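Subject: Structure handover

Hello,

Here is the structure I promised to pass on. Please open it first, then read my notes below.

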Amino acid sequence: MRILPEISRTFGEYLLLPNLTDEGCTPDKVDLSAPLVRHPVGERSPIRIATPLTSAIMGAVSSPQLAIALAQVGGISFIHQNQPVAEQAAMVAAVKKHKAGFRYNDVNIKPSATLEEADRLLREHDRAVVIVTDDGSPSGAFLGLITAQDFNFHRHQAGDTVESRMRPVAELATGTPGMSLTTANSLLWDSRQDVLPLVGDDGRVTALVQRRDYELHQQFSNESVDDAKQFRVGAGVNTHDYRERIPALVEAGADILCLDSSDGYSVWQKDVIEYVRKEYGDTVRIGAGNVVDARGFRYLADAGADFVKVGIGGGSICITRDQKGIGRGQASALTEIVTERDRYAEQTGMYVPLCSDGGIIHDSHMAIAFAFGADFLMLGRYFARFSESPAPQVKLGGQIVKEYWGEGSARARNAARYGQGKELAFEEGVDGYVPYAGSLYDNVKVTLAKIRSTMISCGSVNLRQFHESATLIQVSQQTFVQNSEEVDRNDRPTVV
Ligand code: RVP
């Protein structure tokens, strides 16, 4: 037995002291971009994100809808693994297909179909246009386009054919496969169409360029996209069915994987990383965790993890510390592991990014986590409150709330995450509510403005600088207790 000579501390126990703010230090100059995966010191990480926020690997948090919204504002989501392989892969594929400079032609209809069917397709797929092909399949011959503006059920019968209202190919501008996105966008705007189909010599549509995608790109210039301009998305994996799950996720287009475990300091995680390296080399990226000390970090970094996730027991819905007596204050865990990350970089020449996972209650805690040296954050409660999260929205005592449950709760029963075998013998999380907070776009904008403002006060225009120059001070016990009581009243999930 050994007892560490320190106290386990959380973010709320610290404040930042300002540093000199000079002329070059203005909010518009702050670069919040962060490396997502390991890279040689001095080189650029192969995957960077403009917004250093990721959404938790949780059923209540990361859906395709949330993943798309988060990628649009520059972050990345991790689709949860507590579901059958095919369902998780379908969620990943849904994100990858949603938007691209060149989008897949995936919503098609036959000319003989009814307007009612066209209307249903437009709504179900949230599209402005359905592509009409001779057999109604993506590989059929291109005949025309039908949009919501082409018919109105006050003027047209639901049973009228698509052919009676579609805009036929002869009247449409089209592009050719292989043309650049810039040329395609110019054609699109000149034609005043909502969509430009790229049509091959065989008369089939190979891809679409949509006006809406162009507008979104202008609005969110920080999007997380891959080389094909498709949104980036991550996916959780476990140490049990990885031989089946990982190939399916890779096939679905996942940009990055992450081992999902409450305790990642295990030989099982090393086995999974070795499997990935053997099967895919560096073409598949995988993060590992969670750990709370230097030994755990080094073990996973040596095993080849692309990033390491820090945090045990700090999640807002987590009761692991009560149930198992295991965990560590997030501030203490980060302090030790950040030192080890930097030592590891010096010794090996390899920088392994750190993700601080859980325990962010106020936006100010995000700045504190970065000040401690985190490269990027993973958040559950924060994202669960938004309209894009998959959790049901309900009214409770006159207040609108969203349901939010832990992966170790009886509701999620994510036994693989908690190493409890096939069934959860005891709970490690609660099932509760969080106040509904509106759209992700609006909230992330405000949160990032706060982080930028903190960094400006601390004289930093990028995270690396902030890591190096931030000065933290511990608050008194009395201040901490007062803050915690306030947090309990206002922000923590209300347990059912
Ligand atoms: P928070 O952002 O404080 O809500 O924490 C989210 C994190 O909590 C997740 O990313 C995960 O690491 C952890 N978690 C998820 N479920 C549970 C649980 O049931 N104990 N904990």
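**The barrel**

Val237 stands opposite Leu259, a residue of strand 14. The model is predicted, so local features need pLDDT of at least 70 and side-chain atom pairs count only at pLDDT 80 or more, while totals for chains, interfaces and linings use all residues. Residues are numbered from 1 along each chain as its sequence is written.

Some terms first. Helices (H or I, at least four residues) and strands (E, at least two) are DSSP runs, numbered from the N terminus. Two strands pair if DSSP finds at least two bridges between them.

Strand 13 (residues 234-237) and strand 14 (residues 256-259) are parallel partners, joined over four bridges. They belong to a closed barrel of eight strands, in the order 5-6-13-14-15-16-18-19, with parallel pairing. On average, neighbouring strands of this sheet are turned by 30 degrees against each other, direction ignored.

Helix 1 (residues 64-72) packs on this sheet. Helix 1 touches strand 5 (53-55) and strand 6 (76-79), and its direction makes about 160 degrees with that of strand 6. Axes here are lines fitted to C-alpha atoms, for helices over the stretch in contact, and angles run from 0 to 180 degrees between N-to-C directions. Contact means that the C-beta atoms of two residues, placed from the backbone, lie within 7 Å. Helix 8 (residues 267-280) lies across strand 13, strand 14 and strand 15. Helix 8 runs at about 170 degrees to strand 15.

Strand 8 (residues 129-133) and strand 9 (residues 142-147) pair in the antiparallel sense over five bridges. Val132 has Gly144 in strand 9 as its bridge partner.

**Helix 11**

How far apart are the end C-alpha atoms of helix 11? They are 26 Å apart, which agrees with the 27 Å that its 19 residues (330-348) should span at 1.5 Å a residue. That expected span is 1.5 Å times one less than the number of residues.

Among the buried residues of helix 11 are Leu334, Ile337, Val338 and Arg341. A residue is buried if 20 or more other C-beta atoms lie within 10 Å of its own, exposed if 12 or fewer, and partly exposed in between; C-beta atoms are placed from the backbone. The cover over the buried residues of helix 11 includes helix 9 (294-303) and helix 12 (363-372). Just after helix 11, Gly349 takes a positive phi of about 80 degrees.

Most residues other than glycine have a negative phi, and most peptide bonds are trans. Arg192 is not a glycine, yet has a positive phi of about 60 degrees. Arg192 counts as exposed because it has 8 C-beta neighbours inside 10 Å. Arg413 is not a glycine either, and has a positive phi of about 45 degrees. Arg413 counts as partly exposed, with 16 such neighbours inside 10 Å. A cis peptide bond joins Gly289 and Asn290, with omega about 5 degrees. Asn290 sits in strand 15 (residues 286-291).

Best wishes
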